[in-house]
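Here are some notes to read beside the structure. Please keep the view open and find each part as you go.

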Amino acid sequence: MKRLFSLILFIVIVLASLQSWTKQVYSFQKETPEVVIKKYLDAVISNDYQTAYTLVSDQNSDIREWLELLNFVTSVAPEKLISIIHLAHSFTIHQVLQIDLPNDGTAVIKVGSTVPDMEKILEIAHSENEIKSLYDNGSLPLKQKQGTFILGIENNIWKIKEMEGTSGDSASKIAMGLAEKLLSKEESLKLDKEIKNYQNKKRS
C-alpha cells in the first residue's frame with residue numbers, strides 16, 4: 001500500500017512538473033519580437049513605465065533613462081497634466097507594419113502610430129472634458145507617425161536594443177513638452193525645477 005501510494009505521489013509530481021515546464025516553454029514561445037513590442041507599447045500607453053523598462057536592453061541607457069524620467073514626472077506632476085497624459089495615451093493606437101529578421105540575430109519591427117496632435121488640440125480645447133468631446137464627435141486632431149524598433153536576444157529573451165522615430169514616444173512626451181500650456185506659470189516652474197533636480201541627481 002505504501003509503495004502504491006509512493007508511486008502515485010511520484011507520478012503526480014512528475015505530471016505537475018511536466019505541466020509547469022510545458023507552460024514555461026509555451027510562455028517563452030509566445031515572447032516573439034512582435035509580442036515584446038506590443039507589450040512595450042501597451043505598457044507605455046498604460047503609463048506602466050516599470051514594465052516597459054524591463055523590456056528594454058541593458059545596453060540602451062537612453063530609452064531606460066527616458067522611461068525613468070516619465071515615471072518620475074508622472075509621480076510629481078500636477079493632476080491636471082497627468083490626466084491629460086493618460087487621456088492622450090487612451091486615444092493612441094499602434095500597429096505593427098513590418099517584421100524583418102536579418103541573419104544577424106536581431107529583429108527589426110516597423111510600427112505605425114496614430115496619436116493625438118496635442119499642439120492643435122490645446123489650441124481648441126482647454127480641459128479634459130473638451131478633449132473627450134472632440135474625440136466623441138470624431139473631430140479630435142490626430143497625426144500619423146512611424147517608428148522602427150531593433151530587438152536582440154539577451155539571456156534568451158528578446159529585448160529592445162534601439163528605437164528610431166517617434167512611435168515609442170507616444171503622447172506623453174508631447175504632453176510634457178506642453179506643460180506651460182497646461183499648467184500655471186508657478187506650477188510649470190515648480191515642475192521644471194523638480195525635473196532638473198532629478199536629472200542633476202542622476203548625473204552625479
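The points below cover the sheet, a helix pair and the nonpolar core.

1. Start with a caution. This is a predicted model.

2. Look at the sheet next. It is open and has 4 strands, in the order E1-E2-E3-E4. The pairing is antiparallel. In general, strands of a sheet pair through backbone hydrogen bonds.

3. Which strands stand at the edges? They are E1 (93-100) and E4 (157-165). Each has a single partner strand, so one side of each lacks a neighbour in the sheet. From one strand to the next, the twist averages 30°.

4. Now take E2 (residues 106-116) and E3 (residues 142-154). These two run antiparallel and are joined by 11 bridges. To find your place, pick Val111, which stands opposite Gly147 in E3.

5. Turn to two helices. H5 (residues 79-90) packs against H7 (residues 128-136) at an angle of about 10°, and their axes are 10 Å apart. Angles under 35 degrees count as roughly parallel, so H5 is roughly parallel to H7. H5 brings Ser83, Ile84 and Leu87 to the contact, while H7 brings Glu128, Ile131 and Lys132. By class, that gives 3 nonpolar, 1 polar and 2 charged residues.

6. Beyond its neighbours within four places in sequence, Ile131 is in contact with Ile84, Leu87, Phe91, Ile121, Ala125 and Leu140. Ile131 is also among the residues with the most contacts inside the largest nonpolar core.

7. Finish with that core. The largest nonpolar core has 45 residues. Others with the most contacts inside it include Ile37, Tyr40 and Phe149. Which helix gives the largest share of this core? Helix H4 (residues 61-76) does, with 7 residues.

Note on methods
Residues numbered from 1 in each chain as written. Predicted model: local features only at pLDDT ≥ 70, side-chain atom pairs only at ≥ 80, totals over all residues. Heavy atoms only, no water. Axes fitted to C-alpha atoms, helices over the stretch in contact; angles between N-to-C directions. Parallel < 35°, antiparallel > 145°, perpendicular 65-115°, else oblique. Contact = heavy atoms within 4.5 Å. Nonpolar A, V, L, I, M, F, W, Y, C, P; charged D, E, K, R; others polar. Pairing = 2+ DSSP bridges. Core = buried A, V, L, I, M, F, W, Y, C linked by side-chain atoms within 4.5 Å. Buried < 20%, exposed > 50% of the residue type's maximum accessible area, 1.4 Å probe, protein only.
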